[in-house]
There are 2 protein chains.
Amino acid sequence: MPSIHPDALRGYAEALLTAGGFASDDARQTADLLVWANLRGVDSHGVLRIPRYVEMVEQGSMVSRGTPPREVGGRGAVRVLVGGRCPGAVGMNAAVEVAADLAASHGIGWCAARAISHAGAIGYFTSKLAARGLVGIAMTASKPLMSYHGAIGEALSTNPLSVAIPAGASRQPILLDMSTAAVALGKIMAAKDAGRDIPEGWAVDAEGRTTTDPDKVAALLPMAGPKGSGLSMMIEMLTSVLAGNAVIGPVLAGTKKGGFNGMVLAVDPAAFGETDAFAAEVARLADAIHALPAASGTDAVLLPGERGAATAAVRARDGIPLAAGTSARLAALAGKLGVAIPEALDTTD
Amino acid sequence: MPSIHPDALRGYAEALLTAGGFASDDARQTADLLVWANLRGVDSHGVLRIPRYVEMVEQGSMVSRGTPPREVGGRGAVRVLVGGRCPGAVGMNAAVEVAADLAASHGIGWCAARAISHAGAIGYFTSKLAARGLVGIAMTASKPLMSYHGAIGEALSTNPLSVAIPAGASRQPILLDMSTAAVALGKIMAAKDAGRDIPEGWAVDAEGRTTTDPDKVAALLPMAGPKGSGLSMMIEMLTSVLAGNAVIGPVLAGTKKGGFNGMVLAVDPAAFGETDAFAAEVARLADAIHALPAASGTDAVLLPGERGAATAAVRARDGIPLAAGTSARLAALAGKLGVAIPEALDTTD
């Protein structure tokens with residue numbers, strides 16, 4: 001598998017996005033988000049998205065203007081930004097700044113990022129808040145991709161939720177970044193490719209019955225049945241409906257084809273009390289979890305986000321291994337757009 | 001099964017709590033919370049808790065003074081209340097009021113309720129916010145009751161999360177109230193009593209291996225593996241650690257035996273935009289979910305909280321059926337405390 005230094009991959013991603021119609025600052029922000037995901041081993045949310053993003057810009061479902069989203073409403077510790085289908089990184093980065101500013105004056109700040117585009121691995125945004133010593137919470141909401149508990153077909157999105165907790169200067173933040181689906185769609189694709197059955201509880205067939213045959217999958221199941229389904233619906237409420245850009249209701253009613261919204265909530269631990277005590281207790285909890293005996297079959301007990309941070313340390317040093325298919329698809333796009341392929345990924349002799 | 005009118009059960013609960021050492025206003029608030037759970041069919045969080053609450057007051061792990069919790073900190077849209085082990089209903093009701101006031105001035109309000117006692121069915125508190133047209137979010141955190149993903153033994157609590165969305169004057173709010181465990185402990189007890197196996201994924205044995213034998217259960221599993229585990233840990237962070245009363249870290253380190261905290265976040269939809277449009281979109285989403293075709297084996301596609309609301313309507317009319325064991329335990333306590341048993345529950349001839 002070809003491997004590439006993160007800086008080189010970032011430069012390549014930025015060049016591809018710029019050549020593909022992104023304004024330069026939007027390309028820079030998007031490339032940084034995508035390579036962050038690759039660094040942490042979340043390759044499904046990394047540079048493999050670039051060809052689709054370029055296609056979305058061509059089709060107008062993503063619009064890159066190179067300007068930040070406009071503030072259109074809000075009062076007190078609440079702001080509403082409207083992105084006009086801007087790249088997700090641009091909309092969410094702006095929301096991070098606004099939420100952090102609000103938290104500085106009000107202790108907490110809630111910033112809605114309405115009508116943006118796909119925002120990828122949202123742990124990127126909550127991590128930015130944690131790096132400033134703030135607790136970060138983020139959610140994004142999009143069109144139907146999984147089933148509603150007890151119903152046939154796709155009705156809800158796999159809407160993710162991320163929470164990041166700063167753990168002091170000498171530790172990585174504790175970073176939860178989870179979708180509300182039972183499993184990522186990619187795992188079902190992989191089972192299909194390998195001719196393997198999938199476990200019960202991952203997906204349902206066209207009648208809404210649980211299936212172990214990847215060829216019969218009609219919809220992903222929510223995690224934990226009604227809990228995942230309820231949580232995904234609430235993320236749509238808190239992220240889309242509250243911000244005035246409902247997605248699921250209109251799509252199910254047939255009056256809209258899609259949509260994408262995000263929200264960022266920043267919380268300043270200093271508004272609650274003494275921040276040294278907060279950092280010490282976060283560290284104590286992290287240490288207590290690490291000290292738990294591992295269950296039979298488990299190598300190590302890990303904190304949320306810890307595996308990703310460890311992968312990032314290795315990949316920052318040794319380079320990011322890119323799947324051959326991803327590398328080939330990027331090379332094809334580079335050829336089409338006249339972008340130079342970095343030496344590390346150039347397979348021609 | 002004996003059945004009793006909710007007003008009569010509320011009066012009985014209040015009398016038992018008062019005779020058992022609760023200040024009168026604390027007894028009133030706690031009785032209302034417990035009977036709300038019984039009305040909605042969540043009997044595990046209803047009046048069956050009374051004997052244990054009275055015992056906790058006797059032992060000093062719950063302290064009923066009849067005064068609201070004190071405000072000890074916070075700035076902007078954040079407040080910290082300290083309850084001094086007050087009954088959970090008293091601490092959380094106060095947090096609801098403070099959060100709603102903060103939302104009126106700042107658009108959102110986050111109120112920590114530190115060092116309270118068991119708060120029962122927390123959907124009660126978010127429902128109160130929804131009844132005022134606010135979005136309500138609440139969480140509570142307590143001592144280890146379930147396992148951490150991949151570890152042996154009890155390490156995290158089953159910390160619940162509730163979100164309530166107001167749906168306009170003519171509809172019930174949409175009410176999610178979920179624990180972070182795979183299953184309620186009561187379901188494992190019931191399987192044990194019935195001599196039945198439990199499904200894989202509910203619980204683990206003493207080595208941390210999944211078990212289907214209810215007699216071998218050493219710890220509940222979190223819902224959806226690392227997701228439930230991560231979410232429960234984050235609720236401890238947001239509810240306990242942020243408010244300056246960590247529970248899990250100190251308990252695992254052996255320096256504390258327990259603890260209980262809650263938080264309430266109130267969000268005013270009017271801070272984001274036009275509230276009529278918000279209510280209309282909430283209704284549209286609810287209608288779209290109702291219109292989904294039911295999966296094979298499912299009677300009806302229900303919204304979060306809808307089953308509870310339907311049960312409450314029936315029980316408000318026909319009375320609340322109380323399990324014979326619950327009724328007998330309350331009667332024994334009534335005998336001990338000199339409280340009159342309501343006619344509907346009196347089994348003596």
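How many residues does the contact take from chain B and from chain A? The contact takes 77 residues from each of chain B and chain A, where contact means heavy atoms within 4.5 Å.

## Basis of the model

This is a predicted model, in which local features need pLDDT of at least 70, side-chain atom pairs count only at pLDDT 80 or more, and totals for chains, interfaces and linings use all residues. Residues are numbered from 1 along each chain as its sequence is written, chains are lettered from A and ligands numbered from 1 in the order in which they are written, and side-chain values use heavy atoms, with hydrogens and water left out.

## Interface

The copies meet through the same surface, because 100% of the interface residues of chain B are also interface residues in chain A. About 6300 Å² is buried between chain B and chain A. Carbon and sulfur atoms give 77% of that area. Buried area is the accessible area (1.4 Å probe) that two parts lose on being put together, summed over both.

Two salt bridges cross the interface of chain B and chain A. A salt bridge here is a side-chain nitrogen of Lys or Arg within 4 Å of a carboxyl oxygen of Asp or Glu. B:Arg75 and A:Asp268 form a salt bridge, 2.8 Å from N to O.

## Salt bridges over all chains

The count over all chains is 28 salt bridges. One of the pairs is A:Arg79 with A:Glu71, whose closest N and O atoms are 3.3 Å apart. Another joins A:Arg209 to A:Glu207 at 3.0 Å.

## The cavity

The model has one cavity of 30 Å³ or more. A cavity is a set of points on a 1 Å grid over the protein atoms alone, where a 1.4 Å probe fits but cannot get out; lining residues have an atom within 4 Å of a point. The largest cavity holds about 270 Å³, the space filled by probe spheres set on the points.

Its lining has 22 residues. Nearest the centre lie A:Met139, A:Leu161, B:Ile137, B:Met139 and B:Leu161. In both chain A and chain B, the elements giving two or more residues to this lining are β5 (135–141), β6 (161–165), α7 (226–241) and β10 (261–267). Strands are DSSP runs of E, at least two residues; helices are runs of H or I, at least four. By class, the lining of the largest cavity has 22 nonpolar residues, no polar and no charged. Nonpolar covers Ala, Val, Leu, Ile, Met, Phe, Trp, Tyr, Cys and Pro; charged covers Asp, Glu, Lys and Arg; the others, Gly among them, are polar.

Conventions: 1 Å grid on protein atoms, 1.4 Å probe; cavity = no way out; pocket = protein on both sides within 12 Å on 5 of 7 lines; lining within 4 Å.
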